[in-house]
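The following note is intended for a colleague who is meeting this structure for the first time. Please read the numbered points alongside the sequence and the model.

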Amino acid sequence: IYNGPLFAGLALVGWIMAGLNRWVVAAFFGTATAGYFVLAGNIALIAAGLLGSIFTQYFQPALFAAPHHTTVERRALAQRVDRIALGYNILALTGLALLRLITPWFIGGLINENYRASLPYIMPAGFFLTATLTHSFYHTMLVAGQREKACGPVDLSFAGLLTMGSVTTAALGGEIWWQFWLLAAPLFSAILSRSLARFYLLQPT
């Protein structure tokens, strides 16, 4: 089930989401701003990306080993993923806020003075990354629960919402509203990804 066109399509969606906002920034706010945003995203990886990798590597084996044949077992799997996603969001978003507070001290040392303008983008870039990694936990849940076909509609719905939000706010609201959208992305990710993934997971076999 999880091969061929589905695998290739979801891989393409993942690639698009990874570069989405740098293309949005370049298109609406200029290449210089895009450069600052990319640097901010690289800094945000320290908190959100590294922590997401740790959570994935630590919890994924247990998710795949969890029983999922009955409704009760699948509901328990969903509740476990909810706890993982919640814990990740609390730690990642707190880490990003702390990182934003201390990065001014790095100017002149680790970060050249010319890139000071990238600092305000750390939290928007990091929050958007947190949203995509939160979604990945629910993607893993569907695969672990042998609901691979559901990854298509769930992943595409998630990607469509975030893409539409980024493009629309950048085009109509300007940079401030676009940043607000990125900061709100974890909330939308939690609501949409959780709701759709649980819906498909809890369907009768």
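1. Helix H4 is mostly covered, with 19 of its 23 residues buried. The model is a predicted one, and the remarks below should be read accordingly.

2. Two neighbouring helices may be described by how they cross H4. The axes of H2 and H4 come within 8 Å and cross at roughly 20 degrees. That angle is under 35 degrees, so H2 counts as roughly parallel to H4. The crossing of H2 past H4 is right-handed.

3. H3 packs with H4 at an angle of about 165 degrees, and the two axes are 10 Å apart. An angle over 145 degrees counts as roughly antiparallel, and H3 is therefore roughly antiparallel to H4. H3 also passes H4 in a right-handed crossing.

4. The buried residues of H3 pack against H2, H4 and H5. Among them are the nonpolar Leu 77, Val 81, Ile 84 and Leu 96, but Arg 74, Asp 82 and Asn 89 are also on the list of buried positions.

5. What follows H4? The helix is followed by Gln 146, whose phi is positive, near 60 degrees. This residue is found in the loop between H4 and H5. Most residues other than glycine have a negative phi.

6. In soluble globular proteins, nonpolar side chains tend to be buried together.

7. Met 17 deserves a separate look. Leaving aside neighbours within four places in sequence, Met 17 is in contact with Phe 128, Phe 158, Ala 159, Leu 162 and Thr 163.

8. Helix H5 spans residues 151–201 and includes Gln 179. Is Gln 179 buried or exposed? At 16% relative accessibility, Gln 179 counts as buried, because the limit for burial is under 20%. Not counting residues up to four places away in sequence, Gln 179 touches Pro 120, Tyr 121 and Pro 124.

9. Val 154 is also found in helix H5. Its relative accessibility is 0%, so Val 154 counts as buried. Apart from neighbours within four places in sequence, Val 154 is in contact with His 135, Leu 142, Leu 196, Ala 197 and Tyr 200. The pair Val 154 and Leu 196 lies 42 residues apart along the chain, yet the C-alpha atoms of these two residues are separated by 6.1 Å.

Technical notes: Residues are numbered from 1 along each chain as its sequence is written. This is a predicted model: local features need pLDDT of at least 70, side-chain atom pairs count only at pLDDT 80 or more; totals for chains, interfaces and linings use all residues. Side-chain values use heavy atoms; hydrogens and water are left out. Helices (H or I, at least four residues) and strands (E, at least two) are DSSP runs, numbered from the N terminus. Buried means under 20% relative accessible area, exposed over 50%, partly exposed in between (1.4 Å probe, protein chains only). Contact means heavy atoms within 4.5 Å. Axes are lines fitted to C-alpha atoms, for helices over the stretch in contact, and angles run from 0 to 180 degrees between N-to-C directions. Angles under 35 degrees count as roughly parallel, over 145 as roughly antiparallel, 65 to 115 as roughly perpendicular and the rest as oblique. A crossing is left-handed if the near helix is turned anticlockwise from the far one by less than a right angle, and right-handed if clockwise.
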